[in-house]
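I opened this structure to look at its sheets, its helix packing and its aromatic rings. My notes follow in the order I looked things up.

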Protein chains: 2
Amino acid sequence: MDRAFRVVVLGGDAAGMSAASQVKRRVKSAEVIVLEKGEDVSYGACGMPYNIGYKGNINDLVVMSAEDFRRKRGIDVRLLNEAIGVDVKTKSVAVRNHATGRQYEISFDKLFIGTGARANVPPIDIKAKEGVFTLKVLDDARKIKAYIDSREPSRALLIGGGFINLELAENLKRLGMDVIILEKLDDILPGYERELVNILKAHLEENGVKLITGVDVLGIDEKLIVKTNKGDFEADFVNIAAGITPNTDFLKDSPIVMQKGAIDVDRYFKTSVEDVYAGGDCAMIYHRLLDRNVYMPLGTNANKAGRLAGANMVSAGEPFAGIVGTTLFKCFSLGVAKTGLSLEDARNEGYDAESITITAPTKAHGYPQQGSITLSYVFDLLSGRLLGAQMVGSFDAIWRVDVLASALYAQMTIRDIQGLDLAYSPPFAPVWDPILVCANQAIKRVGK
Amino acid sequence: MDRAFRVVVLGGDAAGMSAASQVKRRVKSAEVIVLEKGEDVSYGACGMPYNIGYKGNINDLVVMSAEDFRRKRGIDVRLLNEAIGVDVKTKSVAVRNHATGRQYEISFDKLFIGTGARANVPPIDIKAKEGVFTLKVLDDARKIKAYIDSREPSRALLIGGGFINLELAENLKRLGMDVIILEKLDDILPGYERELVNILKAHLEENGVKLITGVDVLGIDEKLIVKTNKGDFEADFVNIAAGITPNTDFLKDSPIVMQKGAIDVDRYFKTSVEDVYAGGDCAMIYHRLLDRNVYMPLGTNANKAGRLAGANMVSAGEPFAGIVGTTLFKCFSLGVAKTGLSLEDARNEGYDAESITITAPTKAHGYPQQGSITLSYVFDLLSGRLLGAQMVGSFDAIWRVDVLASALYAQMTIRDIQGLDLAYSPPFAPVWDPILVCANQAIKRVGK
C-alpha cells in the first residue's frame, strides 16, 4: 500500500467521533479523517436546553475539541468541510471546504456516515428577520443564547409539543419568561397513555406554561406575531421543534439503501454497500423487540452506533444487541419515560396485549419526603411477557424506566418482574416498589 | 368441620400481617388469628432512624393498626399474646396473654411463623440504668424518642458500624448531636470493596461523625461512660447494633428444622413440618444465585415471604424466585448498595471471579449539577456472567443497584449489560451511563 489504511468519517458529533476514536484506538496506524461541515465536534446536544436555562458557558457542552482529537488521538478533524457526494465504486468522497470554497476528493478504505439530522421547519410564511429559532446543533444554542442575552425576551412561543420544547419550557421559565406551547395535534406525546399525559399537562399548568393543542401555525409576521387558526400570539422568542430530517441528501446519487431518508444498516452498522457504515441521527437502528430497524434519533443510540461501527470497521465485532426504545425527559419536577412498545404498537405487532396503570408512592410509608409515580405496563396476555412500560412521576423516581428496559432486554414476564429483588430503604423506595406493585396488578390479568 | 378453616399467624409485623392478609383475601371464610407479643403490628421498622431524626410522629410508621386489620380485613389480631410453644402433632400453639397473665392453647389448620428477631446485646457489663438502647422494634424507637425529647442528649455513642447505626448517625446529626461510632472489627461493611468503604468513611468524617474501629467495648458504667480497649468515651446516648437473633426459642421442643436458630423453609416458605410455614427475620430465605437458603433479614424479604407463604397456605402457589441479596442504605448524601455476590463470596462458590471498579459522573457532561458514583462489578472471567455489583455514590444515583439486581435475576453477562438500552437525559445520566462504563471496562477482562 502506498498509504496507510484510511477511514473517513462524515460528521463530527456523537456517532462520528465515537467511530473515529474506536478505529484509532484499535488500529494505531490507521489514518482517520473526520469531515465536519460545522465548527463544532463532540458536544452534548441534549444538554442545550439546560445550558440556555442555567446560563452556562456554551463550551461546557463540548466534551472534546477538534484540537484535542487531533493532538490526543491523532484524528485528522477537518472543520467546515462538508461531504457533498460519495462514489462507492471508486470509494471516494467529494468534499467542499466552506472556509476556502475549494472542492476536493478524498478516497477511503472504510467510510462511516454520521452526518446527523436537521430540524424541520414547517412550510409557513416566516417574515420575521430574527427571533425565530430551531434547536438541533450547538450553533443553534449559541444563537439562542446570544439573542436572549442581548434582547432579554419575555414572551416565548414554542411551536411543537415534543420533548425538546417541553425541556425548553422549563428552562425558559427558569429565565423568567412567559411560555406558551402550540401543538398541531389534538394532544401531545403520542404513544403515551392519556392518563400519564394528563399528569404532565397539569404539571405544565401548575408551572405557568400554557399548552394549546390543535393549533395550525399559519405564519410569523415581521413583528414576531404568530398567526394561527386559534388566533394571533405575540412573542419575542420563537422556537420551532417540528421533527428532524436525516442529513442524507448528498447520498441521493449513491446506491446506499435508505428508508425515508435514513440510511439502512445491518446489526454491525454496515450499510447496503461494502465498507460503508452509518449510525446516529442519519441512520436507522436495530430494535430488539421488533426485530427490525427503526428510526429513533437519540444521543445514546448515536454514541453506541458510532462506537460499535468503529470497532466493526477494523475488527470482527459482535452484532448490536439492539435498542428497546428507551426515552426519558425532565419537565420541571416531573420525569416522563418510556421503554418498549406502547399498547398500540404491541397490538399492531399482533400481540394480544393489554395495559395496566397504577399510581404509587416512591418512598416508604411515613418517610418525611414523599413522591409519586404513575406507571403503566404493556404486556402480552397469553405469555405474560412485558412488552413496554411508561411512567410519569417525581423526577427522582423515574429511574425505574432503566429496570424495565433491562427487563425488556431479558424478555422478562410479569412474573419475572414480581420476582425481582429490588432495593428497599425508606428514603429510596417503599417496601413494595412501584415496579412490583404494578406487576402484582398485571399478573391478575395474565393467562385469563 | 365444626369450625372454619383456621390459620394462626405468630407475629404481627411485615411477614405475619402479609401472610394473614393474603389468606383472608383468598379465602374469605377462613378464620385468621394473629398472635403478637407486643402492642404494634404492621409498621415500617426501617423508617425508625428517620422518624427519630426528623422528629416525626411514631404513628407515621404504622401502616395499618390492629383495629384496622380487625375491622377492614376481618383478621383476629391479638396484641400482647405471645406463642410460647408449638405442638405440631396436635397442631396447636400454647399462648400467653401478657395483659391477663392467662395461658391458653389454640389449634390451627395452617400455621405461619413470623416472629421476627431481636437485637443482640453483647455480653458487656452495663451498669447504666437508662440511656442505652437497641433499635429493632417500634417500641425501641418510641423509647429512644421519649429519651431524646426529655433528656436532650448531645453526645451519641453508637456501638456497631453496620447500616442501622450508619443511618442513625445521619439522623442524630440532624438533631445536632455529636456522634461517635465504635466498631469491633478493623473495618466496617464486610463484603464491600475497600475502595468503596473508604469513600463512605471519608463522607462520615466530612459530616463530623467519628468512626473508631478495632474497639472492644468492655462495659458501660452508671454515668454512661463507655469503657473500651481504646479508652473511655463519655456519652449521654448509646445505641447498640450488634446483629440480631431470630425469635425462635419457643420452637426448641418442636421438630421444625432450623439453621443457627433461623427456621428453614422450602421455596414455598413451608418448614420441614407439613402445614407450618415461616418467613421474615425468624427464617431463612432462598437465594437465587447461590441456589440455597441464606439468612438475610430485611424488610423486603419479610414482606415477600409473608405474601407468598399466605398465598401458598391456601392455594397452589409458584415457587419463590429467590433473592439476589440486594441491600441499600443512605448515609448523609451518599447511597451505599450491593446486590449479588462479593468477590470473596464468588470465589468461595468456586467461580474464577474478578472485580473491576470505576468512578464516573452521574449526570451529562456540562449539566449544572453533577454527581459521582463508584461502581464495582464482580464477574466470572470464563463465562462473563455478572455475579455481583456494589456501589457508593450520590444518593440520587444509587438506583443503579436495581438495574444490576435485575441483571442478576436474568443471569446477564457483562456483554448483555453493555447491550442495555438505558435512558439518557442530561439531568438524569451521562450518555454513557456508569452501568455501561463499568461493563465496557469489565469486558476487556472476560475470556482472556
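**Sheet in chain B.** I started with an open sheet of five strands in chain B of this predicted model. The strand order is S3-S2-S1-S7-S21, and the pairing is parallel. Which strands stand at the edges? I found strand S3 (76–79) and strand S21 (276–278) of chain B there. Each has a single partner strand, so one side of each is left without a neighbour in the sheet.

Next I took one pair of strands. Strand S2 (residues 31–36) of chain B is joined to S3(B) by four bridges, and the two run parallel. Within this pair, B:Ile33 has B:Asp76 of S3(B) opposite.

**Helices on the chain B sheet.** Helix H1 (residues 14–26) of chain B packs on the sheet. I noted that H1(B) touches strand S1 (6–10), S2, S3 and strand S7 (110–113) of chain B. The direction of H1(B) makes about 170° with that of S2(B). Helix H7 (residues 299–314) of chain B lies across S1, S7 and S21 of chain B. H7(B) runs at about 175° to S7(B).

**H1 against H7 in chain B.** How do these two helices pack? The axes of H1(B) and H7(B) are 7 Å apart, at an angle of about 30°. Angles under 35 degrees count as roughly parallel, and H1(B) and H7(B) are therefore roughly parallel to each other. The crossing is right-handed. From H1(B), the contact uses B:Ala14, B:Ala15, B:Ser18, B:Ala19, B:Gln22, B:Val23 and B:Arg26. From H7(B), I list B:Ala302, B:Asn303, B:Gly306, B:Arg307, B:Gly310, B:Ala311, B:Met313 and B:Val314. Sorted by class, the contact of H1(B) with H7(B) has eight nonpolar, five polar and two charged residues.

**Sheet in chain A.** I turned to chain A and found an open sheet of five strands there, in the order S3-S2-S1-S7-S21, with parallel pairing. Strand S3 (76–79) and strand S21 (276–278) of chain A stand at the edges. Each has a single partner strand, so one side of each lacks a neighbour in the sheet. The twist averages 15° from one strand to the next. Strand S7 (residues 110–113) of chain A pairs with S21(A) in the parallel sense over three bridges. A:Leu111 stands opposite A:Val276 in S21(A). H1(A) packs on this sheet and touches strand S1 (6–10), strand S2 (31–36), S3 and S7 of chain A.

**H1 against H7 in chain A.** Helix H1 (residues 14–26) and helix H7 (residues 299–314) of chain A have axes that come within 7 Å and cross at roughly 30°. H1(A) and H7(A) are therefore roughly parallel to each other. Is their crossing left-handed or right-handed? I noted right-handed. Among the residues in contact are A:Ala14 and A:Ser18 of H1(A), and A:Gly306 and A:Gly310 of H7(A).

**Aromatic rings.** Last, I looked up ring pairs. The count comes to 19 aromatic pairs over all chains. I picked out A:Tyr50 and B:Tyr367, with ring centres 5.2 Å apart and planes at 70°, so the pair is edge-to-face. A:Tyr50 lies in helix H2 (residues 48–53) of chain A. B:Tyr367 lies in the loop between strand S26 (353–361) and strand S27 (372–380) of chain B, so the pair joins two chains.

Key
Residues numbered from 1 in each chain as written. Chains lettered and ligands numbered in written order. Predicted model: local features only at pLDDT ≥ 70, side-chain atom pairs only at ≥ 80, totals over all residues. Heavy atoms only, no water. Pairing = 2+ DSSP bridges. Contact = heavy atoms within 4.5 Å. Axes fitted to C-alpha atoms, helices over the stretch in contact; angles between N-to-C directions. Parallel < 35°, antiparallel > 145°, perpendicular 65-115°, else oblique. Left-handed = near helix turned anticlockwise from the far one by under 90°. Nonpolar A, V, L, I, M, F, W, Y, C, P; charged D, E, K, R; others polar. Phe/Tyr/Trp six-rings, centres within 6.5 Å; stacked < 30°, edge-to-face > 60°.
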